[in-house]
Amino acid sequence: MEYPANESNKDNPDSSATNGELLTKFERATRALSTLSAGNHTLLHASDEQELLHDMCQVIVEKGGYRVAGVAYAEHDEDKSIRYMAGIGVDKESMEALHYTWADTEMGHTAMATAIRTGQPCVGRHILTDPIYAAPAYAPLRELAIKLGFAAFTAFPLRLDGEVLGALGMGTIEPDAFDENEIKLLSELADDLAYGIANLRMRIKQQAAEATIARLAFYDPLTELPNRTLLLERLQDAIHTAKQHHHALALLHLNIGHFREINQVLGYRSGDQLLQQLAQRLMHTLKESDMLARVGESEFALLLPSGGADYAIQVAQRLIIALHDSMEVAGLMVDPRVSIGIALYPGHGTEADTLLRRANAATHDVCSAQGGYSFYAGGQEEESTRRLSLMGDLRRAIEQNELLLYCQPKVDIASRRVCGAEALVRWQHPVHGMLATMEFIKLAEHAGLITPLTNWMLDAVFSQSYAWHEAGLERALSVNLSAHDLYDPLLIDRIQGLFSTWGIPPELIQFELTESALMEEPTVALETLTKLKKLGTRLFIDDYGTGYSSLSYLQKLPVDSIKIDQSFVMPMVASSDSAVIVRSTIELGHNLDLEVVAEGVDSQAVWDHLAGLGCDVAQGYLVSMPMPVEQFSNWESEWTRMSA
C-alpha cells in the first residue's frame, strides 16, 4: 500500500539516509511493533467499547511513546459531524470545541476528517508547517498542538462492515515521524481495533438476543409479567421454602369474565389494552414479595409465598375491589368481572402443577357474571379430568360413527296426521351410558367439535331420509343448526353437495335455528337463511320467544314456521300469562303467514287449549318422546291406528 509522503522526508530517499537516521527508523518500527502488541493484548481483555477505545489510546501513548492519541466516529447527520470518543494527551472537550467536520469543506481537511472521508490513512501531517493548517479556521488546532507538544499527526480509518466508522489518530513530537514500516504496523493496529469494535458489538447484540430469548421464555410480552413457566418455577421454590419452615402458602387463579366477547366486539387490540390495564391495577395492590403472572389468554395467577386461608381471602377481596371500577377501552367503559380460585399448600397440593390446576378448577365454582372467589373443593379436578376425557371420546365417537340418530314426531293438531319429525343426536357412552344431550353439546362447543357434530347429523339425516324415500315414505326430517354453523362458510356447499349425492326432494329436509342464534349476528344469519331457502328447504325458528327478536327483523327472515318455546307452552293451562304469550304468538305467526308449532305439548289439556287457539302443529311427550329412527315406523302405525 502506498501512503502520502511525509513532508519532511519526501526529498530524502532511503538510499541516502545516514546511519543515525536508519537507527531512528528502527526505533520507530520497534515503537510501532510494541504498540501493536500491547494494543492486541488490550483487545483480548476488552469487555466494553468505550473502555476499549480509552485503553487503546492509553496503550498508544504510554506503551508506544506517542504524544497524543484519539478515536473519533463519523456522524451521519446533515453537517457530517465528528464525534470524539476517547483521547489520551488531549481531552475530548477541547477537540469537540473546534467543531470540525468530515465533509469536503474548508473545515473538513484535518487528518481525522480526511481518513474518514477517503477511507485511507492520512500520514504525517505537520501541524505547524502544512499549508492546510495555515487557514484561520485551523489556528485553534495549531495552538492546541503547540500547547500539547506534538508536531506530526497521522490518522487511520476504522472500517466496519464495509463502511468507515471513524478514525484512529496519533501525534508525535518528531515532525518527520511515520515512515512506511511504522505506517504498516499502525494500520494493522487500526484494523485490529476496528475488528475489536465489531466483535464487541456483535457480542452485545448476541447478549441482547439471548436476553430477549430468555425474557420471551419466562415473561409475557404483552403485560411484561412472568409467564406460567416462571410462575411454576417460583411456586416450586416457594413450596420448598414453606416445607422447610413449616408454613402455608396460597395460589390465586384469576379468570377475567366476558373476555372473548370483548375481543369479538371491540377487537383483539382492545382486548390487549384491557389486559394491560388489568395487570397494572393488580400490580398496584400487591406486596413486593407477591408474584403476579399471566398464565393464559385471560388468566392471571398470584403467588402468596406465605399465609393461609384468611390471608388469601383478604387478598382476593382486595383484588376484587381493585378491579371493580370500569375501564376505558376503545372509547367505551368496560366492566370486567374477575373470578378467583384459591388453592393452598399443603392442604390442596404439594406440587406446583397441582396447585395451579386446582386453583384454576376452583374458579369454575364462582359465578362469572358477578365475580368473587372460591376455594378448591375435592372433586372439581376430577370433574375437569372427566370432561377432558369425554371430549376425546366424543371426537372418536363422531369419527367412528358411534352416535345415534333419534327423532321426535311432529303432528298436525287439526287432522292428527304425522307431518314430520325433528332429528336429534344421542350418545351412548361405553362407560358412562346415555349422556344428557346438553352435556355433550357443551363438550362439543369447548372442544371445537360443533362442525364435525353438525356434519355427522347432516350425513345421518340425509341417509335416513333417502332410506324412507326409497321405501315410499315421504317424511320430513328437520336438522338443528347452531350459531356456530351459521358462520361456517362451507355449510351451504356441504348441504348442496348432500342433495346432489342423495337426490332426495328438498322439502324432505328442514332446518331449525334458535331465535337466540339468529340474533347473535343478524346480518350473517339472514344471509345464510336466504341461501338455505334458495335450496328449496323449509326453515323454522326454534325456541321462539326467548331470543328478543324484533318484528321488523322477523319480517325479513325467509322462514316458514315458528316454534313456540316449551317454557311458555307447558304452563299455559295453569298460567294466564303464559296463555297470553302463546295466543299472541299464534296470532302473530298466522298474521305473517307462518306455520306455528308448539313445543312441550305434554298433556291433553295443553293440546286442547292449543287446538282452541288454532295452533298448527304439536310436538311433545303427549305425542311421543324422542325415539331411535328405527322405531319411527312402528310408532307411526300405532299413532295412526289410535287416531282413526
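Colleague: What makes the crossing of H16 and H18 right-handed?
Modeller: H16 passes H18 in a right-handed crossing, a label used if the near helix is turned clockwise from the far one by less than a right angle, left-handed being the anticlockwise case. This is a predicted model, in which local features need pLDDT of at least 70 and side-chain atom pairs count only at pLDDT 80 or more, while totals for chains, interfaces and linings use all residues. Residues are numbered from 1 along each chain as its sequence is written, and side-chain values use heavy atoms, with hydrogens and water left out.

Colleague: Why are H16 and H18 called roughly parallel?
Modeller: The axes of H16 (residues 491–502) and H18 (residues 522–534) come within 10 Å and cross at roughly 15°. Axes are lines fitted to C-alpha atoms, for helices over the stretch in contact, with angles from 0 to 180 degrees between N-to-C directions. Angles under 35 degrees count as roughly parallel, over 145 as roughly antiparallel, 65 to 115 as roughly perpendicular and the rest as oblique. H16 and H18 are therefore roughly parallel to each other.

Colleague: Which residues of H16 and H18 meet?
Modeller: Leu491, Ile492 and Ile495 of H16 meet Thr528, Lys531 and Leu532 of H18; contact means heavy atoms within 4.5 Å. By class, four residues of this contact are nonpolar, one is polar and one is charged.

Colleague: Is S3 (residues 122–126) mostly covered or open?
Modeller: S3 is mostly covered, with five of its five residues buried. Buried means under 20% relative accessible area, exposed over 50%, and partly exposed in between (1.4 Å probe, protein chains only).

Colleague: Why is Val164 called partly exposed?
Modeller: Val164, found in S5, has a relative accessible area of 22%, so the value falls between the two cut-offs. Val164 touches Ala115, Ile116, Gly119, Pro157, Leu158 and Arg159, not counting residues up to four places away in sequence. The C-alpha atoms of Val164 and Gln120, 44 residues apart along the chain, are separated by 9.7 Å.

Colleague: What is the order of the five strands in the open sheet with mixed pairing?
Modeller: The order is S7-S8-S6-S11-S12. S7 (291–296) and S12 (372–375) stand at the edges, each with a single partner strand. The twist averages 25° from one strand to the next. S7 and S8 (residues 299–304) run antiparallel and are joined by five bridges, and Met291 has Leu303 in S8 as its bridge partner.

Colleague: Which strands does H10 touch as it packs on the sheet?
Modeller: H10 (residues 309–322) touches S6, S8, S11 and S12, and its direction makes about 160° with that of S11.

Methods:
Helix = DSSP H or I, 4+ residues; strand = E, 2+ residues; numbered from the N terminus. Nonpolar A, V, L, I, M, F, W, Y, C, P; charged D, E, K, R; others polar. Pairing = 2+ DSSP bridges.
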